[in-house]
Amino acid sequence: MPEPRGSQPAASGPAAPLRRGYTTGACAAAAAKGAALLLVTGEAPPSVEIDLPAGFRHTFKLTGGQRSSRETAVCATVKDAGDDPDATHQARIEAAVSWRDGPGVEIDGGKGVGRVTKPGLPVAIGEAAINPVPRRMILEAVSEVLEEHGAARGMRVVISVPEGEAIALKTLNPRLGILGGISILGTRGVVTPFSTEAYKASVVQAISVAAAMGNKQIILTTGGSSEKYAMAMFAELPEEASIQMGEYVGFSLEHAKAFGVRKITLVGMAGKFSKVAQGAMLIHSKNAPVDFSFLAKTAAESGADNELVEEIAAANTASQVVDLMTAAGNSAFFEQLCLHACRHCLKHMNGGLTVEMVLITMKGRVLGRAEIRG
């Protein structure tokens, strides 16, 4: 069962390691195996063990086993996401399994599992949003049961998530054109707490959908606030063209170019994007602190007097610099930051497209803007 969440380690001891969880794909495969065993044997297993792509086997506790007839059985498991902040944590993942006339395993999605309506995803339009690795896991888990019991017939598996439609509203699924529920995901079967790989994978997926929908321009933002203002600023662009890249500027730029995007517009606040202007392509505070000597030099380049330049060099926050330059009416400073940022972005990608930078305040007012065609 899930371990207690949020417990604090003793002050004198080392911090407790973060607890890993399991993907919706792994849970779906476990539920499918349980339902298949129930259908074949007539007995609901309390748990099942399955192989995970991560390279080990794991035992999943099962619940809700029912066999309404000799033709259909249902089983479920409750997703444990470990210590990862996950919208699907504690979601009930169900599998309904029924006999087929012929051999093989057929897999589909039911209530609460989304349907794909846009190109650019690893699942074809019209199919249930069950990604390739989870499909393979379900296939292998059910096939194992069929082989062990010498079944002459195949099975149809329908994966459902009763609360999936509500959960999906907390995800990017509607924007990606996955409608009616969540996606059944996971490439390793396990969820690594605070996984950068998972976030970066979501960025790539969003860029892929935007490109597949024919968008030659995309908007990259660092979070929800900047995205809200960017979407209002570029209202003519469809929703899927707006992508939250988080801290992964260089990574997002590389993939946008690889997917054939011709123009990239970055919209955000001076605190984070001043780091891009100084050449940082990963803008987490641990990786790239704000360089106030760089900001002071840029202020001098934009015509600030010596006293103001010294104030900027001695500033404590990027917001303080924004206030100083705004009060001085020096819009050239912000335009210069944007130009520096565009040049560094183009250099990172070896050119080949257009980069635009828009600096905004926390309330969405435009401070500066620049565009360079590389």
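Start by selecting Tyr248: at a relative accessible area of 13% this residue is buried (buried is under 20%, exposed over 50%, partly exposed in between, with a 1.4 Å probe and protein chains only). Before going on, note that this is a predicted model, where local features need pLDDT of at least 70, side-chain atom pairs count only at pLDDT 80 or more, and totals for chains, interfaces and linings use all residues. Residues are numbered from 1 along each chain as its sequence is written, and side-chain values use heavy atoms, leaving out hydrogens and water.

Next, the aromatic rings. The whole structure holds 3 aromatic pairs (ring centres of Phe, Tyr or Trp, the latter by its six-membered ring, within 6.5 Å; planes under 30 degrees apart are stacked, over 60 edge-to-face, the rest tilted). Pick Tyr22 and Phe60: their planes sit at 75° with centres 5.5 Å apart, so this pair is edge-to-face. Tyr22 is in strand β1 (residues 21-22) and Phe60 in strand β3 (residues 57-61), 38 residues apart. Both Tyr22 and Phe60 are buried. Go back to Tyr199 and Tyr248, a tilted pair with 6.0 Å centre to centre and 40° between the planes.

Last stop: select helix α9 (residues 292-301) and helix α10 (residues 306-313), which pack at about 160° with axes 8 Å apart (helices are DSSP runs of H or I, at least four residues; strands are E, at least two). To see the contact (heavy atoms within 4.5 Å), show Phe292, Leu295, Ala296, Ala299 and Ala300 of α9 with Val309, Ile312 and Ala313 of α10.

Terms used: Axes are lines fitted to C-alpha atoms, for helices over the stretch in contact, and angles run from 0 to 180 degrees between N-to-C directions.
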